[in-house]
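The sequence and model come first.

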Amino acid sequence: MHFCKIFSIFASAMKKIVFAIIGLMLLVACGQSYEETKRQNRQQRREAIRKDSAALKVAVMPTLDCLPMYVAEYYQLFDTLNGGVRLKHFMAQIDCDTAMERNRVEGTVTDLVRALRMTKRGIPLRYVAATNTYWQLITNRHSRVHQLKQLDDKMIAMARFSVTDMLSDLIVDSLKLREEHVFRVQINDLSVRMQMLQNNEMDALFFPEPWATKARMGKNIVVFDTRKPDMQMGVIAFRDKEMRRPERHKQLELFVKAYNAACDSINKYGFRHYRDLIVKNCGVEAAVVDSLPKDIKYQHAIGPRQKDIERAQNWLSKK
């Protein structure tokens, strides 16, 4: 009986030891698994950073001038062996500028006013392509503004130090309005501008496509269009210093090749063929895409006209 009691105590102690060993083994295994997971995550982050650094990064907006790049990305026309191209999406041009200034991207879709100002701020740019962008000043249908001369004592949504800022000056000067009587409100985000139009919070707003078409579909009124004075102010620009590096120069050549092929495809098949792509990247409804002007065409990557550069330079020199 005494022996049985001793054996029972021994067996119980052994069981506890076995459980303790198993628990320790599980703890060590979990610890190794946790450390291994951390190590793998670090490796994945380093690899992601390496790939992002190697890629040619371009800041884009939800606008129709970026469509060739969306098409090239969709059809995988951008070269991958040499790092490829990565599109970085922004809703406001000021955010694209910030990304350029902080070396987060090598290129951006912008306008000549912003591009020249960026150069003045110490970032020389290389103009790769003039875009087909045009800007329309559209008035709220409830504001009773049907002509430019009726903008006196009205609010205009625009962006500082951009082509819309320059256009605001042009309109005020040409009509000899008192500058302090035309209130310029800085609204950088295009979707916010559209909401303000729909909520009747702004009298007039500058829009590029496809946002201009969406505004027109709401029976709002176009009082100015940059195509009438033959202004072509849109541009795709890259950081010049970065493009002087042999590997970046090669990437840029491949970018231009893909861009040109995408332009040809859009011109051939039209916007409806790329309806889903525009809806996804521009954030507008399919009905807007179907209502886009049919005469919009895309040209191959050719630099901006000198007269447009001079327009922007002259305006900036007065600021």
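## A side chain and its surroundings

A polar atom of the N281 side chain lies 2.9 Å from the backbone oxygen of L277, a polar contact being a pair of N or O atoms within 3.5 Å in which, within protein, one must be able to donate a hydrogen and the other to accept it, with residues adjacent in sequence counted only if both atoms are side-chain atoms. N281 is placed in helix α10 (residues 275–282), where helices (H or I, at least four residues) and strands (E, at least two) are DSSP runs numbered from the N terminus. Its relative accessibility of 14% makes N281 buried, a term that means under 20% relative accessible area, with exposed over 50% and partly exposed in between (1.4 Å probe, protein chains only). Leaving out residues up to four places away in sequence, N281 touches P62, Y70 and H89, contact meaning heavy atoms within 4.5 Å.

## Basis of the values

The model is predicted, and local features need pLDDT of at least 70, side-chain atom pairs count only at pLDDT 80 or more, and totals for chains, interfaces and linings use all residues. Residues are numbered from 1 along each chain as its sequence is written, and side-chain values use heavy atoms, with hydrogens and water left out.

## Helix α4

The buried residues of helix α4 (residues 112–120) are L112, V113, R114, A115, L116 and M118, and their cover includes α3 (93–101), β3 (107–111), β4 (125–130), α5 (163–175), β10 (234–239) and α12 (306–317).

## Aromatic pairs

The whole structure holds 6 aromatic pairs, counted for rings of Phe, Tyr and Trp (its six-membered ring) with centres within 6.5 Å, where planes under 30 degrees apart are stacked, over 60 edge-to-face and the rest tilted. The rings of F255 and Y259 are stacked, because their centres are 6.1 Å apart and their planes are at 25°. These two residues are 4 residues apart in helix α9 (residues 246–269), and are therefore separated by about one helical turn. F255 is buried at 1% relative accessibility, and Y259 is buried at 3%.

The rings of F271 and Y298, with centres 6.3 Å apart and planes at 80°, are edge-to-face.
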